Amino acid sequence: MPGYVIGNFFVYSLINAFTPGPGNILALNTVTNYGWKKGAPLFFGIFSGYYVVQMICAVFVYGVSALLPDVLGIMKYVGAAYILWLAVHIALGHPDEKGMERAASFWKGFMLQFVNVKIYLFGITALTGYVTGYSTSLSVLVLFELVIATIGTIATSAWIGTGMVIQRVYLRHYRLINMILAAALLECVYSILQ
């Protein structure tokens with residue numbers, strides 16, 4: 001796999017993981033409202049669910065590549081379209097200042113990831129857009145999904161660790177931050193379609 005493909009895989013993964021999504025927003029809101037100690041079960045549920053969902057994505061892509069190999073070529077374009085949609089959504093987006101009141105339990109965090117469409121699309125798009133053109137081996141797919149889940153866990157930890165600091169900076173400069181992230185995602189779309 002060429003270095004630029006791996007580089008773009010990481011750019012896409014970092015942007016997707018660090019942008020606001022259900023897990024990151026819930027983690028930020030929970031640490032703000034309950035603190036680390038009371039929120040810890042929920043955070044560990046989010047982290048655990050992330051890894052499980054990414055393994056499901058690896059098995060799904062592996063199954064599709066083994067049973068319907070021509071579908072992967074189509075999924076590459078679907079993935080590129082999703083990244084393009086994400087870029088537009090980020091560029092035009094603005095912060096949601098409404099808080100979410102939820103009890104901080106492991107199972108709520110864990111189950112959130114099973115309905116979090118963002119991370120399914122994240123995992124499947126990353127594999128079909130960057131990896132399956134070079135390998136459809138289950139071990140390679142699992143390895144890349146473990147990388148994605150680890151990046152996602154680090155991103156959620158950053159949202160937790162910096163709490164209101166991230167929220168204040170983002171609220172003040174969200175338009176510039178969103179435009180930079182969207183431009184980086186457009187480069188990712190370009191690299192997938194090469």
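User: How many aromatic pairs does the count come to?

Analyst: In this predicted model, the count comes to 11 aromatic pairs.

User: Take Phe9 and Tyr130, then: why is that pair edge-to-face?

Analyst: The ring centres of Phe9 and Tyr130 are 6.3 Å apart and the planes stand at 80°, and since planes over 60 degrees apart count as edge-to-face, the pair falls in that class.

User: Buried or exposed, Phe9 and Tyr130?

Analyst: Phe9 is buried, at 0% relative accessibility, and Tyr130 is buried as well, with a relative accessible area of 2%; the cut-off for buried is under 20%.

User: What about Tyr12 and Phe122, what geometry does that aromatic pair have?

Analyst: Tyr12 and Phe122 are paired edge-to-face, with 5.6 Å from centre to centre and 80° between the planes. Because Tyr12 lies in helix α1 and Phe122 in helix α5, this pair ties together parts 110 residues apart in sequence.

User: Are Tyr12 and Phe122 buried or exposed?

Analyst: Tyr12 has a relative accessible area of 0% and is therefore buried, and Phe122, at 0% relative accessibility, counts as buried too.

User: Changing topic a bit, which residues form one aromatic cluster?

Analyst: One aromatic cluster is formed by Phe9, Phe10, Tyr12, Phe122, Tyr130 and Phe144.

Note on methods
Residues are numbered from 1 along each chain as its sequence is written. This is a predicted model: local features need pLDDT of at least 70, side-chain atom pairs count only at pLDDT 80 or more; totals for chains, interfaces and linings use all residues. Side-chain values use heavy atoms; hydrogens and water are left out. Rings of Phe, Tyr and Trp (its six-membered ring) pair if their centres lie within 6.5 Å; planes under 30 degrees apart count as stacked, over 60 as edge-to-face and the rest as tilted. Buried means under 20% relative accessible area, exposed over 50%, partly exposed in between (1.4 Å probe, protein chains only). Helices (H or I, at least four residues) and strands (E, at least two) are DSSP runs, numbered from the N terminus.
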